[in-house]
Amino acid sequence: MIAFELMQTASSGVAQALHTLATAPLAEPAPKGIDTNGVVTFFASKIAPILLAVLGVIFIGRASRGEISKVLTSSAIAIVGLAFIAGAATLFFVGDYLIDLIFE
């Protein structure tokens with residue numbers, strides 16, 4: 001009789017433990033890295049237009065005060081800066097292409 005009660009208690013304990021393990025949430029997969037495409041897209045779609053609008057307002061404000069030479073100088077610097085940014089983005093894509101070509 002004691003053995004029967006002991007077996008019944010043990011089996012209910014094992015059933016409860018198995019039920020707890022079955023209902024436990026599984027661990028989420030570890031992150032694989034930084035989504036660089038998402039970061040670049042965010043900057044290109046959200047940050048760059050705001051910065052260009054601020055530059056435009058500054059240039060218009062200076063031009064209205066008669067500082068045309070400063071506006072032209074600043075505009076040239078801004079255009080050169082944009083050319084460097086475009087060149088860096090181009091090198092980013094060219095480098096990605098070269099890496100894919102070499103390590104295929």
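Colleague: Where do the numbers come from?

Modeller: This is a predicted model, where local features need pLDDT of at least 70, side-chain atom pairs count only at pLDDT 80 or more, and totals for chains, interfaces and linings use all residues. Residues are numbered from 1 along each chain as its sequence is written, and side-chain values use heavy atoms, leaving out hydrogens and water.

Colleague: How many aromatic pairs does the structure hold?

Modeller: One. Phe42 and Phe43 form it, edge-to-face, at 5.9 Å centre to centre with 70 degrees between the planes. Rings of Phe, Tyr and Trp (its six-membered ring) pair if their centres lie within 6.5 Å; planes under 30 degrees apart are stacked, over 60 edge-to-face, the rest tilted.

Colleague: New topic. How many helices and strands does the protein chain have?

Modeller: Three helices and zero strands. These are DSSP runs: helices are H or I, at least four residues, and strands are E, at least two, numbered from the N terminus.

Colleague: How much of the chain is buried?

Modeller: Of its 104 residues, 4% count as buried.

Colleague: What about Ser74? Buried or exposed?

Modeller: Ser74 is buried, because its relative accessible area is 19%. Ser74 lies in helix 3, residues 68-102.

Colleague: What is Ser74 in contact with?

Modeller: Phe59 and Arg62, leaving aside neighbours within four places in sequence. Contact means heavy atoms within 4.5 Å.

Methods: Buried means under 20% relative accessible area, exposed over 50%, partly exposed in between (1.4 Å probe, protein chains only).
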